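Subject: Model for your files

Hello,

Here is the structure I said I would pass on. My notes follow below it.

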Amino acid sequence: KAGEQKHPKEPSALQCMHLAVVACGDRLEETLIMLKSAVLFSNRRLCFHIFAEDSLKPEFEKKLKEWPSSYTKKFESKIYPITFSVGNAQEWKKLFKPCAAQRLFLPVILKDVDSLLYVDTDVLFLRPIDDIWHILKEFNSTQLAAMAPEHEIPKIGWYSRFARHPYYGTTGVNSGVMLMNLTRIRSTQFKNSMIPGGLTWEEMLYPLYQKYKNYITWGDQDLLNIIFYFNPECLYVFPCQWNYRPDHCMYGSNCRGAEEEGVSILHGNRGVYHDDKQPTFKALYEVIRDFPFEDNLFQSLYYPLQSKFLDTVHTLCGRIPQVFLKQIEKTMKKVYENRVIVYLGANHRY
């Protein structure tokens with residue numbers, strides 16, 4: 001096919017689950033712990049697309065090479081410089097946090113990638129990425145991205161109380177975990193508030209920013225909310241357990257999906273991995289950070305987590321430890337079962 005000749009793909013890239021992250025400033029360790037959680041639990045091969053400041057590139061390369069080969073063979077990684085293809089780069093850099101706006105340009109930069117999961121650096125996977133990757137198959141013919149609601153309860157949600165710009169649905173959406181069909185994004189004409197006809201993703205970004213820059217608080221997330229306000233048919237909304245934040249438990253539990261199924265993806269925004277405001281989130285981060293790769297998952301990850309959680313029961317989030325443990329336990333059992341089956345199968349052959 002002509003399209004295939006134009007953009008040749010490596011066979012491994014076709015089978016990859018593509019994961020993108022943008023890291024600037026002091027986010028090196030956080031990003032590595034996020035990537036570690038992805039590799040620990042995932043089944044299929046991963047392709048990491050790491051967008052980082054030039055000063056961080058050698059550190060990323062060095063640290064990823066230090067991982068044991070049993071894990072490095074599960075992924076390939078590419079590190080990209082921070083670039084903004086349209087508009088004023090300095091303005092984009094100042095939007096919300098340094099480099100955060102980079103994620104808006106992923107469809108433009110990663111031209112050979114069909115689908116992608118973008119996550120913030122402060123995300124931890126508590127189950128295989130394979131499971132959120134399957135959601136791509138649930139998109140209908142107009143959906144091209146998936147995000148979770150910013151809040152479950154409109155009356156205490158940020159957008160419903162304070163936003164001075166259009167936003168998606170009743171509570172807005174959170175962009176910290178965003179699943180994207182980049183092929184569809186690149187080929188869609190988006191409705192907008194600037195011209196009567198549609199605009200492509202790349203054409204729309206800078207004029208949209210210019211129009212709303214005095215009204216936005218959360219930078220690129222606000223721009224995404226504005227885009228999907230005008231194009232609601234393009235968005236698939238996945239439930240809160242796929243982007244579980246302190247807001248889901250710090251005022252009392254308000255994520256029913258996590259209560260029923262457990263947290264699938266933990267998003268430690270508000271800096272909670274690094275202070276003592278939400279010790280449950282910090283406990284998970286520290287246990288995954290300190291887990292020696294080749295050790296037994298139950299012994300060196302699950303049990304330390306359980307004992308750390310005992311110290312957090314005085315907090316609203318710590319009162320519901322099963323919410324945080326349910327998926328991680330299920331995932332570890334599967335990993336263990338798979339290894340036993342592979343081991344027994346190997347023995348059986350000889």
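Which domains does the domain assignment of the protein chain give? The answer is domain 1 (17-238) and domain 2 (241-347), with bounds taken from an automatic or database domain assignment.

Before the rest, some ground rules. This is a predicted model, in which local features need pLDDT of at least 70 and side-chain atom pairs count only at pLDDT 80 or more, while totals for chains, interfaces and linings use all residues. Residues are numbered from 1 along each chain as its sequence is written, and side-chain values use heavy atoms, with hydrogens and water left out.

The interface between the domains

Taken over C-alpha atoms, the centres of domain 1 and domain 2 are 23 Å apart. Domain 1 puts 32 residues into the contact and domain 2 also puts in 32 residues; contact means heavy atoms within 4.5 Å. The two domains bury about 3,100 Å² between them, 63% of it on carbon and sulfur atoms. Buried area here is the accessible area (1.4 Å probe) that two parts lose on being put together, summed over both. Of the area that domain 1 buries against domain 2, L124, L126 and R127 supply 25%, more than any other three residues.

Between domain 1 and domain 2 there are 18 residue pairs in polar contact, both residues at pLDDT 80 or more. A polar contact is a pair of N or O atoms within 3.5 Å; within protein, one must be able to donate a hydrogen and the other to accept it, and residues adjacent in sequence count only if both atoms are side-chain atoms. On the side of domain 1 that touches domain 2, the elements giving two or more residues include α3 (28-41), β5 (123-125) and β7 (173-181). Helices (H or I, at least four residues) and strands (E, at least two) are DSSP runs, numbered from the N terminus. The largest share of that side, seven residues, comes from α3.

The count of salt bridges between the two domains is one. The side chains of R245 and E150 form a salt bridge (3.8 Å, N to O), the term meaning a side-chain nitrogen of Lys or Arg within 4 Å of a carboxyl oxygen of Asp or Glu.

T331 sits in helix α16 (residues 321-349). T331 counts as buried because its relative accessibility is 3%, buried being under 20% relative accessible area, exposed over 50% and partly exposed in between (1.4 Å probe, protein chains only). Leaving aside neighbours within four places in sequence, T331 is in contact with F41, L126, R127 and P128.

Regards
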